[in-house]
Amino acid sequence: MFHVRTIDGEPPLVELTDTDAGSLAVVAPARGGMLTRFFAAGLDVLYLDEATFRDPSKNVRGGNPVLFPSPGKLAGDAFSADGHSGNLKQHGFARNLPWRVERTDTTAGASVTLGLSSSDETRRAYPWDFELAYTYTLRGARVSIEQRVANRGALPMPFGAGFHPYFHVPQGDKAGARIATKATRAFDNVTKQEIAFGGFDLTRAEVDMHLVDHGSASATLAWAGHTVTVACSPDFTHWVVWTLAGRDFVCLEPWTCPGDALNTGDRLIRLAPGEERTLVTRVEVE
């Protein structure tokens, strides 16, 4: 059976459960509308640094932060696009804003829909009117995130979107962890150069690898007998792998465009006035 319940606290949480599958997902509307926990197949799938999660002044390190309207870093934290300019910190503002709970449902899974709309605060950074509705649905060992992005303004709206999932891979398991990819080229964001890609060494002090030619809208991460698959709609063409030595996580991040796309235009999605686009991201464990 599917259940949804609200957990009061600071911050308040929404818990989704599938009792038949023994799975659970937790969403924090007030902390950027992010998924903070996903338990399935006997595994806590996500890493969460509780100290950053409990401190509203910090970016949360862990869970699955929402990246909008610009995944990655802009050159100089500034952009100029379609005759408009603004300033955005890395990964955009959606992960730092409170989202509202729009509705819940238990018909075909345990689900909650969260909403975020443009405001005077967002327009100072990103001068377009938008409306977001992200629906998190837990069913079995899978969480699906349907992302509806709507242009509510009078001008075409450019944007990029993505997620930053921190998968709970213990430090001792990183040497044996594997990420399946057909990529032959990658941008190493540590050395700031494009390189011939021959595989990951997840035990390095820092891995920050942007796959140039992954060639798929899905990717898998396997470690210690576990496999997590991240499968997305075709707009997600840019994949990033990030980890730090001594930390029990590996991030496998799907983005619709590379960093600085609001300046370069590379793979930006543009919505006409009144247009909407629905994207989908699924995380499944086995």
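**View 1. Overall fold of the predicted protein chain.** The protein chain has three helices and 25 strands, where helices (H or I, at least four residues) and strands (E, at least two) are DSSP runs numbered from the N terminus. Its radius of gyration, taken over C-alpha atoms, is 18 Å, close to the 19 Å given by the globule rule for 286 residues, so the chain is as compact as a globular protein of that length; the rule is 2.2 Å times the number of residues to the power 0.38. This is a predicted model, in which local features need pLDDT of at least 70 and side-chain atom pairs count only at pLDDT 80 or more, while totals for chains, interfaces and linings use all residues. Residues are numbered from 1 along each chain as its sequence is written, and side-chain values use heavy atoms, with hydrogens and water left out.

**View 2. Burial and contacts.** Buried residues (under 20% relative accessible area, 1.4 Å probe, protein chains only) make up 50% of the 286 residues. Among contacts (heavy atoms within 4.5 Å) with a separation of 6 or more, 61% join residues 24 or more positions apart.

**View 3. The open sheet E1-E2-E3-E4-E5.** Five strands form this open sheet in the order E1-E2-E3-E4-E5, with antiparallel pairing, two strands being paired if DSSP finds at least two bridges between them. The edge strands, each pairing on one side only, are E1 (2-7) and E5 (43-44).

**View 4. The pairing of E4 and E5.** Strand E4 (residues 34-40) pairs with E5 in the antiparallel sense over two bridges, and Ala40 stands opposite Leu43 in E5.
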